[in-house]
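What follows is a walk through one structure, beginning with the ligand and ending with the aromatic rings. Please keep the sequence and the 3D view at hand while reading.

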Amino acid sequence: MSEYIVEMRHVTKRFPGIVANDDVSLGIKKGEIFALLGENGAGKSTLMSILFGMYEPDEGEVYVRGKKVEHFSPNHATAMNIGMVHQHFKLVSNYTVTENIILGMEPQKRLGGFLPVVDIKNTNQKIADLSKKFRLEVEPTKKIEDLNVSMQQRVEILKMLYREAEILIFDEPTAVLTPQEIEFLLDIIREMRRNGKTIILITHKLEEIKQVADRCAILNRGKVVGICDVAETSTKKMAELMVGREVSFTQEKSPFRPGEVKLTVDHLVVKNADGFPVVNDVSFSVRGGEIFAIAGVAGNGQVEIADAVAGLTKVSSGTITLGGKEITDAAVRARNRQGLAYIPEDRQSWGLILDFTLSENLLLRRYDQEPYCVKGVLHREKFDEKSRQLIEQFDIRSGQGEKTVVRSMSGGNQQKAIVAREIDQDAPCIIFVQPTRGLDIGAIENIHRQILEERAKGKAILLVSLELDEIMSLADTIGVIYNGQLLKIAPADTMSTNEVGQYMMGVKE
Ligand SMILES: Nc1ncnc2c1ncn2[C@@H]1O[C@H](COP(=O)(O)OP(=O)(O)O)[C@@H](O)[C@H]1O
Ligand SMILES: [Mg+2]
């Protein structure tokens with residue numbers, strides 16, 4: 001028998017216009033943590049979806065425990081003790097943890113000898129035991145809607161364990177987690193290895209691989225470009241294989257030359273549905289050529305500030321002034337016309353129309369203007385021409401160029417499309433909310449470069465980010481938000497990362 005619990009031989013999978021997996025061969029050993037590293041769109045999810053039976057390869061073979069897989073279906077994969085936690089969870093929110101876990105495989109006992117009923121009490125206990133064994137800290141009787149993202153993810157993990165998964169696939173599990181939650185998850189993954197499980201960890205974060213993985217395969221544009229022993233390979237080397245060129249972890253930044261004030265927020269108050277001030281008397285201004293970054297732990301009001309400036313949230317009191325004109329109550333489109341571009345946090349619900357093509361999405365702000373629309377008639381060829389130029393300039397990768405339906409694109413490339421569209425408006429003020437969330441280093445480098453180029457052109461930039469590293473490397477001025485208030489506003493070069501961190505926790509004055 002082969003030394004591998006999973007083996008893929010010459011696996012190729014094509015989608016219209018793209019080879020998602022190109023002649024991939026690799027082997028995974030029992031009991032190891034095997035990482036799959038690659039940029040957005042490299043083919044990681046597709047490859048593991050094949051192992052989980054969601055797709056059938058066009059060519060090549062998959063072996064599990066030495067036996068060739070003949071039928072590709074999730075049920076068959078589950079029967080082979082393979083489990084997968086997807087990027088988007090599949091839970092029913094008004095059901096309890098236990099109900100979600102047993103959905104579709106309800107264990108029954110017979111009441112009075114014949115009437116089948118679901119044995120919830122026993123099942124709750126069994127799930128509580130599993131949760132304890134793997135240190136998941138999940139309560140079986142809680143409803144999903146009352147759990148945060150990290151807890152919901154652990155419910156997905158419990159679901160796999162309950163189904164006796166021995167080979168567990170995690171698709172970018174840390175993308176949605178805070179640093180503390182990531183530590184917790186990595187501990188759980190180590191605990192699983194101690195229990196003899198085989199783990200496949202899909203990620204584009206090198207530090208995570210360094211921390212937990214034994215071996216790592218690197219995918220680039222569908223092909224395996226390297227399989228390495230993590231302990232013996234430098235992060236730099238892995239990054240280069242992943243991106244296919246040398247990468248710089250820091251960006252060149254031109255000297256700070258502030259121009260005139262373009263955006264002013266004065267005594268802003270935003271209340272939530274309960275009347276609680278989530279933004280509490282916040283004042284600041286942003287000059288041309290300045291990156292004003294709001295640092296803070298998630299949920300302290302930073303996103304509400306950005307939404308209020310963009311016109312997506314109602315302001316309770318205070319004023320917002322853009323280019324000398326008050327826009328506190330202006331409509332979204334009026335703000336846009338007044339010179340505001342906005343890259344929102346939730347790119348799928350606010351930033352894009354997923355079932356439209358890339359070309360249509362790139363022209364969302366301009367479709368009613370010349371030369372795209374002349375006397376009420378749309379000129380598609382102008383759309384496409386402009387799109388091809390943006391695709392080239394912003395390195396947006398997709399299967400069918402400007403004709404690709406955006407839904408089928410990877411997250412990183414969707415984000416590049418939004419950034420391209422918004423920057424292309426040439427607005428004097430740009431808001432970036434979490435611009436690199438969930439992106440790989442190649443895409444992060446690209447977007448950081450774009451932000452700095454806009455700064456060099458004299459744009460006023462408001463940046464909201466949960467990544468302190470991102471703030472420290474880009475900001476000219478940092479405002480630290482805690483509990484809806486800006487506790488501190490200071491030039492970036494006068495504050496250490498540590499100091500900013502302390503304000504973020506609210507521990508300094
Ligand atoms: N269902 C699909 N239909 C068409 N194209 C797809 C589909 N799923 C993925 N792709 C394309 O295949 C490539 C690989 O995608 P994916 O496996 O999701 O990459 P990764 O997980 O590494 O980000 C991407 O170019 C993506 O747009
Ligand atoms: Mg993926």
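Helices are DSSP runs of H or I with at least four residues, and they are numbered from the N terminus. A residue is near a molecule if one of its heavy atoms lies within 4 Å of it. With these terms, the shell around ligand 1 can be described: α1 gives the most to it, with three residues. The model is a predicted one.

The shell around ligand 1 is made up of 14 residues, and the closest are G41, K44, S45, T46 and S408. Sorted by class, the shell has six nonpolar, six polar and two charged residues.

T46 takes part through its side chain, where an N or O atom is 2.5 Å from an oxygen atom of ligand 1. S408 and G43 take part through the backbone instead: a backbone N or O atom of S408 lies 2.7 Å from a ligand oxygen, and a polar backbone atom of G43 is 2.9 Å from an oxygen atom of ligand 1. On its own, ligand 1 has 560 Å² of accessible area, and the protein covers 78% of that.

The next topic is the aromatic rings. A search of the whole structure finds three aromatic pairs. In one of them, the rings of F284 and F292 have centres 4.6 Å apart and planes at 10°. This pair is stacked because its angle of 10° falls under the limit of 30 degrees for stacked planes. F284 has 5% relative accessibility and so counts as buried. F292 is also buried, as its relative accessible area is 1%.

The rings of Y372 and F383 form another pair, with centres 6.1 Å apart; their planes stand at 85°, so this pair is edge-to-face. Y372 lies in the loop between α12 (358–362) and β19 (373–374), while F383 belongs to helix α13 (residues 380–394), and the two are eleven residues apart. Both Y372 and F383 are buried.

The charged end of R9 sits over the ring of Y63, 4.1 Å from the ring's centre. R154 lies over the face of F184, also at 4.1 Å from the ring centre.

Technical notes: Residues numbered from 1 in each chain as written. Chains lettered and ligands numbered in written order. Predicted model: local features only at pLDDT ≥ 70, side-chain atom pairs only at ≥ 80, totals over all residues. Heavy atoms only, no water. Phe/Tyr/Trp six-rings, centres within 6.5 Å; stacked < 30°, edge-to-face > 60°. Buried < 20%, exposed > 50% of the residue type's maximum accessible area, 1.4 Å probe, protein only. Lys NZ or Arg CZ within 6 Å of the ring centre and 35° of its normal. Polar contact = N/O pair within 3.5 Å; in protein donor to acceptor, adjacent residues only side chain to side chain. Areas by Shrake-Rupley, 256 points an atom, 1.4 Å probe, with all protein chains shown as cover. Nonpolar A, V, L, I, M, F, W, Y, C, P; charged D, E, K, R; others polar.
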